[in-house]
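Q: Could you walk me through this one while I have it open? I'd like to take it piece by piece.

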Amino acid sequence: MPLSGDLLRLADAVLFPGFAGHMPPDWLRRRLGEGLAGVVLFSRNIADPAQVARLTAALRAENPSVLVGTDEESGEVTRLEVAAGSSRPGAYALGAVDDVALTEALAGDLGAELAAAGVTLDFAPSADVNSNPDNPVIGLRAFGADPALVSRHTRAFVRGLQSAGVAACAKHFPGHGDTSVDSHHGVPVVADGIEDALLPFREAIKEGVRAVMTGHLLVPSYDAELPATLSPKVLTGLLREELGFEGMIITDGIEMAAVSGTYGIGGASARAIAAGADAICVGGERADEATAAGIRDAIATAVTQGLLPEERLADAARRVRELASWAASSGSQAPRDGSVGLTAARRAIRITRRSTAPVLPLTSAASVVELAPEMNLAIDRNTPWGVGQPLARLLPGTVVTRLAVGDSTGSALERLLGEAAGRPLVIVVRDVHRHAWQEQALRHLLSARPDAVVVEMGLPERSDLGAVHLATYGSARVCGQAAAEVLTGRS
């Protein structure tokens with residue numbers, strides 16, 4: 001049976017696809033003219049803020065009410081600043097400072113930048129409580145491991161972002177923090193009670209957060225069979241009925257294996273809407289016209305087959321329209337404070353001195369070894385990070401070497417030690433507690449150079465490494481700059 005045009009338009013009204021290029025392709029322009037609800041911008045769509053403003057203007061020329069969303073968490077997960085690295089630290093650094101006024105100011109500054117570029121929906125903040133330090137996908141994206149701390153900073157971030165007219169989106173419901181599996185690749189299981197994990201979402205709802213993003217998580221205490229994104233018990237029973245959320249529920253990337261692996265992208269999309277989601281996010285890994293058309297057709301077909309009640313689809317489309325109306329009428333053109341990010345990064349740094357020798361400040365050109373782990377898919381692998389580059393600007397002649405997992409052989413480390421003779425040695429790590437190869441390389445280097453400085457740009461599970469240990473609580477560009485200032489005594 002052919003699908004009716006009205007039903008296809010209704011299916012398009014809940015879809016947020018990605019696309020390739022710095023301007024909308026013809027297929028996207030056509031679909032927007034036919035009522036497509038929104039789009040998601042990824043780093044492949046972004047060159048600079050002025051280009052993004054031109055892009056979003058072109059989108060609105062086809063559909064004035066289109067919602068434009070992106071993952072701009074600040075810190076490690078940045079889209080607007082993917083080419084240079086974020087000018088704001090991420091959530092974990094803000095939690096380390098624990099100044100809610102600073103968090104609100106930073107989020108307001110971010111919201112002003114997003115609004116100026118035409119972005120109306122930000123998939124932030126991460127309201128996850130990172131209670132598992134081995135979590136491979138949240139980590140620094142969370143404000144911390146304490147539910148109360150995460151709650152107060154989630155509320156502050158929501159206030160700041162939405163004051164600029166950009167809808168905040170608390171994620172990843174009902175909480176991705178206490179997991180050890182990346183949902184891009186498998187199904188994480190939250191085995192224990194989730195009351196602590198739910199607290200930041202409860203508080204975000206009280207603050208008036210406009211959207212919530214689902215996590216592809218299995219929560220056996222609520223549903224032993226279906227991940228949250230596909231579970232009526234979690235999305236309708238828990239989020240809507242128990243927590244009282246009335247805003248828009250959007251899925252995490254629907255092509256992720258945790259949900260698409262069993263049902264396919266289209267099947268997972270239809271089941272998510274049936275479970276209580278209002279919008280489908282897709283395009284991180286699949287950004288072509290065929291994927292977007294396939295999801296639309298699968299949702300419409302699910303209605304004709306009785307899997308998805310048409311009333312539920314219409315209700316989802318209504319919530320998307322309500323968010324678009326809010327975005328069109330909210331916010332103010334507040335002036336930006338371009339210094340708030342660096343201020344936050346400087347305040348986040350923690351120094352542990354383990355030697356009585358005068359290791360700092362560094363006054364001569366240094367050797368910097370950066371140990372670079374492979375990052376999860378939420379973090380663009382091309383985003384710059386590190387201490388070497390900003391340190392070289394302050395200490396000309398500084399030499400920087402970056403090693404990946406296969407590069408840190410004994411011979412390579414010995415060569416670097418030889419080259420560093422007579423120079424200060426700075427070793428930069430990222431979540432050293434999660435990567436045995438980093439720990440081994442660090443031990444090798446410190447055995448020869450106990451006077452070395454260690455800079456941890458991930459979670460600082462250990463501070464007993466090096467003559468001086470610096471924890472930046474993040475790897476954003478400003479975190480590297482703040483660390484370089486401390487190393488050279490210019491903080």
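Q: Is Thr-120 buried or exposed?
A: Thr-120 is buried, because its relative accessible area is 12%, and buried means under 20% relative accessible area, with exposed over 50% and partly exposed in between (1.4 Å probe, protein chains only). This is a predicted model, in which local features need pLDDT of at least 70, side-chain atom pairs count only at pLDDT 80 or more, and totals for chains, interfaces and linings use all residues. Residues are numbered from 1 along each chain as its sequence is written, and side-chain values use heavy atoms, with hydrogens and water left out.

Q: Where does Thr-120 lie, then?
A: Thr-120 lies in the loop between helix H5 (100–116) and strand S4 (121–122); helices (H or I, at least four residues) and strands (E, at least two) are DSSP runs, numbered from the N terminus.

Q: And which residues is Thr-120 in contact with, leaving aside neighbours within four places in sequence?
A: With those neighbours set aside, Thr-120 touches Arg-60, Val-66, Leu-67, Val-68, Gly-165, Val-166, Ala-167 and Ala-327, where contact means heavy atoms within 4.5 Å.

Q: Changing topic, which residues of H7 are buried?
A: In H7 (residues 195–207), the buried residues are Ala-197, Leu-198, Pro-200, Phe-201, Glu-203, Ala-204 and Ile-205.

Q: What covers them?
A: The cover over the buried residues of H7 includes helix H6 (147–163), strand S5 (167–173) and helix H8 (232–242).

Q: What follows H7?
A: H7 is followed by Gly-208, which has a positive phi, near 90°.

Q: Now the helix pairs: how do H1 and H11 cross?
A: The axes of helix H1 (residues 5–12) and helix H11 (residues 310–329) come within 9 Å and cross at roughly 50°, the axes being lines fitted to C-alpha atoms, for helices over the stretch in contact, with angles running from 0 to 180 degrees between N-to-C directions. That makes H1 oblique to H11, since angles under 35 degrees count as roughly parallel, over 145 as roughly antiparallel, 65 to 115 as roughly perpendicular and the rest as oblique.

Q: Which residues make that contact?
A: Leu-7, Leu-10 and Ala-11 of H1 and Glu-310, Leu-313, Ala-314 and Ala-317 of H11 make the contact.

Q: What about H2 and H10, at what angle do they cross?
A: Helix H2 (residues 26–33) and helix H10 (residues 289–304) cross at roughly 30°, with axes that come within 10 Å, and that makes H2 roughly parallel to H10. Trp-27, Arg-30 and Arg-31 in H2 meet Glu-289, Ala-292, Ala-293 and Arg-296 in H10.

Terms used: The expected span of a helix is 1.5 Å times one less than its number of residues.
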